[in-house]
Amino acid sequence: MSYQVLAPEAQPCVWMCAGLISYRLCDRGFDCENCPLDGALRGQMRATTDSQAHLDRRAEEGMFPEDRLYSPGHSWVQALSLDDGRRWRVGLDAFASALIGCATEVRWGPLRKIVQRGDRICEVDLGLGSIGLAAPISGRLVHGNRALQGHPETLVTDPYGDGWILEMEGLDPGGILGLGSAARAREQTEQDLRRFRRSLALRLLTESGDDPRSAASPEASLRDLRQAMCGTHYVELLEQFIH
C-alpha cells in the first residue's frame, strides 16, 4: 500500500531550480523563510524578516473588509454614500501595502480626466523606484487624497482608512462586474503570497552568486525585504503583483 507524502500540487524546491541540490519537491507552499533546508543552506536556521512577518499576519488575520470590492491587482473600490451612487473611493489592499512597506510619495494623474479600466492613474514612490497603479474601474478622476501629500506613509499604515488614494466617478453601472468580494480577495492573496515567496527566493538565489550562504548573513537577519535584493529588482517583482 502506498501513502501520499507530498501534496499533489507540490513543485520543485527553489534550491533545485537554482541547481544547488539534485532533487527535492516543496511541500511547504514555498514558505522558504521557515524551511529548515533553506535555513541550513543559507547558514542560519531561520531567515525571517519584519516585512514578511507583517505580511503573514495581515494575510492570516483576513484583512479584507467586506464593505468594498477588490481587483486582481490588489486595489479596492468602495461606494460612497451619495445620491447618484456613482462615486467610488480607491485604495490598496493589505497585501499590496505590506509588500510596498514604505511609501515616500504618491502622485496621481490629471483630475477630471476620464480613464478606462487598466489605465494608469497613480504612481507610488517607494524610495527605490516607483510602481504604477491602474484604474480598477472606468470613470472620471474626481480628486486625490491630499493627506497623502504630507503623509504618504499612511498608504501603508492605514490602507483601508486615511490611506485611500483617490475618488472616481463611475461611468458604467456594470463597471464593477470584474471586481471580487473579500472572500475572493483572500483566496487570491493566499495564491499570490506563495508566488511572491517563490519569486523572491529565486531572485535572492540568482543575486547571491554561487555561494548560497551569501544570500543571508548569519550575524544579522534582514530587516527589510527590500534590503535583500537590488531596489530596481524588488520594484520589478512588486509590479508582477501590484498593478
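Mentor: Helices (H or I, at least four residues) and strands (E, at least two) are DSSP runs, numbered from the N terminus. Two strands pair if DSSP finds at least two bridges between them. This is a predicted model, in which local features need pLDDT of at least 70, side-chain atom pairs count only at pLDDT 80 or more, and totals for chains, interfaces and linings use all residues. Residues are numbered from 1 along each chain as its sequence is written, and side-chain values use heavy atoms, with hydrogens and water left out.

Trainee: How many helices and strands does the protein chain have?
Mentor: Count the DSSP runs along the protein chain. The totals are eight helices and eleven strands.

Trainee: What share of the protein chain's residues count as buried?
Mentor: Buried means under 20% relative accessible area, exposed over 50%, partly exposed in between (1.4 Å probe, protein chains only). The chain has 243 residues, and the buried share is 45%.

Trainee: Among contacts between residues at least 6 apart in sequence, what share join residues at least 24 apart?
Mentor: A contact means heavy atoms within 4.5 Å. Within the protein chain, the share that joins residues at least 24 apart is 64%.

Trainee: What is the strand order in the open sheet of six strands?
Mentor: The pairing is antiparallel. E3 and strand E7 (114-115) stand at the edges with a single partner strand each, so one side of each lacks a neighbour in the sheet. Reading across, the order is E3-E4-E5-E11-E10-E7.

Trainee: Which residue of E4 does Tyr70 stand opposite?
Mentor: Strand E3 (residues 69-70) runs antiparallel to E4, and two bridges join them. Tyr70 faces a residue of E4 across this pairing, and that residue is Trp76.

Trainee: Which residue in E5 does Ala79 stand opposite?
Mentor: E4 and strand E5 (residues 87-92) run antiparallel, joined by five bridges. The residue opposite Ala79 is Trp88.

Trainee: Which residue of E11 is the bridge partner of Val90?
Mentor: Four bridges join E5 to E11, and the two run antiparallel. Across that pairing, the partner of Val90 is Leu166.

Trainee: How many of the five residues of E4 are buried?
Mentor: E4 is largely enclosed by the rest of the structure.

Trainee: Which residue takes a positive phi in the hairpin of E3 and E4?
Mentor: Most residues other than glycine have a negative phi. This hairpin has four residues between the strands, and one of them has phi near 70 degrees.

Trainee: Where is Arg112 found?
Mentor: Arg112 is not a glycine, yet its phi is positive, about 70 degrees. At 45% relative accessibility, Arg112 counts as partly exposed. Its place is the loop between E6 and E7.

Trainee: What kind of aromatic pair do Phe64 and Tyr70 form?
Mentor: Rings of Phe, Tyr and Trp (its six-membered ring) pair if their centres lie within 6.5 Å; planes under 30 degrees apart count as stacked, over 60 as edge-to-face and the rest as tilted. The count by this rule is three aromatic pairs. Phe64 and Tyr70 are both buried. Their rings lie 5.6 Å centre to centre with 80 degrees between the planes, making the pair edge-to-face.

Trainee: How far apart in sequence are the parts that Trp76 and Tyr160 tie together?
Mentor: The ring centres of Trp76 and Tyr160 are 6.3 Å apart with planes at 45 degrees, so this pair is tilted. Both residues are buried. Trp76 lies in strand E4 (residues 75-79) and Tyr160 in the loop between helix H6 (154-157) and strand E11 (166-170), so the parts tied together are apart in sequence by 84 residues.

Trainee: The charged end of which residue sits over the ring of Trp76?
Mentor: A charge sits over a ring if NZ of Lys or CZ of Arg is within 6 Å of the ring centre and within 35 degrees of the ring normal. Over Trp164, at 4.0 Å from the ring centre, lies Arg89. Over Trp76, 4.4 Å from the ring centre, is the charged end of Arg68.

Trainee: Which residue in E9 is the bridge partner of Asp125?
Mentor: Strand E8 (residues 120-125) runs antiparallel to E9, with five bridges between them. The partner of Asp125 is Ser130.
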